[in-house]
Amino acid sequence: MTTTYVPAPAASSTGRMLAAQTRMELRLLFRNGEQVGLTLIIPLLLEFFFNLPLLYSLNGRRIDFVVPSILALAVMSAAFTGLAIGTGFERKYAVLKRLGATALPRSVLLWAKTLAVLGLEVIQTLLICLFAVVLGWHPHGDPVTVVLLMALGTIAFGGLGLLVAGTLRAEVTLAAANLLWLVLLFCGGIAIPLDKYPHGVHQVLQFLPSAAMSDGLHRVLQHGAQLPVAPLITLVLWAAVALPAATRWFRWE
Amino acid sequence: MDAAAVQVDNLVKSYGAHPAVRGLSLRVERGELLALLGPNGAGKTTTIEICEGFRRADSGQVRVLGLDPIADARALRPRVGVMLQEGVGAYTGARTSELLRLFASYAANPLDTDELLARVGLQDSARQQVRRLSGGQKQRLSLALALVGRPELVFLDEPTAGMDPHARRATWDLIRELRRDGVSVVLTTHHLDEAEQLADRVTVVDSGQVVAAGTPAELTSSGAEGQIRFRAAAGLRLDSLQVALPVGAQASEPQRGQYLVVGEINPQLLATLTAWCAAQGVLAEQLSVERRSLEDVFLELTGRQLRT
């Protein structure tokens, strides 16, 4: 064997690390059955079932209400539940610790995770919108505003996901992230319109990040609103709290 | 002149009320292989993890390649290879070759990943998911991950734990090649043979303190004596043997027909003994020469067995 171990240490370029790390993160996401189920299959199934007049009746075209809800759900699944569970177990199995001992800077690792979540969301959005068109969807509004809402939702939910994953045990993270996903799905303005709740409850629930994102997406995509100011502000506030909190309290091992 | 590979002075670290490291000092020269030898819980891993920048010392000074492991982490990481004790510590869903290529992508001049995988005997497991590897295979992957960036210093925490004897020998060969090529190596072990076989110098640690340090030869020969045992017919004339032996050697018959010569063991002593037996017409059976091993050294220093 001619392998030589004569030292020649040097970190590779940030761009190369970022590309390799993002590719690995995405590959692992799509290889993980639970992640695929959570972020791709369940949203598409719910898109189909919520379009059936089962739980409640709605005025207007049902699919035009359902699609913004499902887009909000997709962002919550990828940026919050999926990211929290994935990162929680990486922490538990010392992956984050091990990566901390390589030339990969933590900032590049976090950017890679962000890019992987964004890449996943692009795929989710494409599949959800394609399926929606098949179901007879008529989108309204400005796509740029839609992207802005989803991006802000990603930052807010991503920060919350990392906060949970970085502070709780992996098993607790798993339970908490799934439970919150379910609670926010039904009480956070995604599956059930908040105006179906009593007025006082509605006033409180509308400030949840899921409700703000869902409400904003409904206003734009369903009703063609220009700039849904209140939901945007709510999401900015959540992001402004969640990201610094995650940075402050995240434990790498 | 370059700074030492590792320089630790008066390192102290406690976990709550439990002191893990109590005033430990050591120095590793460039290109040298130092074995940190001691029982479980001696403070080996804590010391090494402080050098790796994972933990902060309570007090004392640590310099790795002349740099501070925490403050200068960004500059240090690419130059140091790390093998953690808790296994691969990496994406368990990734395939073996994917993971090695990922780590190679962090380095500007990585080793050839296929060649390295073959070198650690994992070429047949290249497409296997890391979670399906055996304990020994994970250790070998972990070693490859530590080396792929061509570091100038590697920390190997219990590198052969969980390996079968064959893999263990192969890993020893690889570690010798690292030394040959000028890589500085710090390894922890509680296997004496590993330290004796590989190390330029051994630092024996117990209860968070250095109890002995030196080359394996120094540690096993300093002040200590060895012994020769043999069996022969009962009642040999020990007074005659004693006259023949060099000054300082002591002959005795602890049990009938079993003889013991204690003294500084060298070829001369052995020749004298066998010549005396030949002159007496005595056939010495089961003759064995026992030098002090690191195990004896450790037992003497701490009053405890190394392996618990």
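This short talk goes through chain A and then chain B of a predicted model.

First, the conventions. Residues are numbered from 1 along each chain as its sequence is written, and chains are lettered from A and ligands numbered from 1 in the order in which they are written. Since this is a prediction, local features need pLDDT of at least 70, side-chain atom pairs count only at pLDDT 80 or more, and totals for chains, interfaces and linings use all residues, while side-chain values use heavy atoms, with hydrogens and water left out.

Chain A, then. Its secondary structure comes to 10 helices and zero strands. Here helices (H or I, at least four residues) and strands (E, at least two) are DSSP runs, numbered from the N terminus. Read from the N terminus, the order is α-α-α-α-α-α-α-α-α-α. The radius of gyration of chain A is 20 Å, close to the 18 Å that the globule rule gives for 253 residues, so chain A is as compact as a globular protein of that length. That radius is taken over C-alpha atoms, and the rule is 2.2 Å times the number of residues to the power 0.38. The C-alpha trace of chain A spans about 75 × 35 × 30 Å along its principal axes.

How much of chain A is buried? Of its 253 residues, 51% are, where buried means under 20% relative accessible area, exposed over 50%, and partly exposed in between, with a 1.4 Å probe and protein chains only. As for contacts (heavy atoms within 4.5 Å), take those in chain A with a separation of 6 or more: 79% of them join residues 24 or more positions apart.

The accessible surface of chain A is about 11300 Å², and carbon and sulfur atoms hold 72% of that. These areas come from the Shrake-Rupley method with a 1.4 Å probe; for residues, only the protein chains shown count as cover.

On to chain B. It has 11 helices and 13 strands. An automatic or database domain assignment supplies the bounds: domain 1 of chain B is 6-221 and domain 2 is 226-291. Taken over C-alpha atoms, the centres of these two domains of chain B are 44 Å apart. Along its principal axes the C-alpha trace of chain B covers about 75 × 45 × 40 Å.

Of the 308 residues of chain B, 52% count as buried. Among contacts in chain B with a separation of 6 or more, residues 24 or more positions apart account for 67%. Chain B has an accessible surface of about 13500 Å², with 46% belonging to carbon and sulfur atoms.
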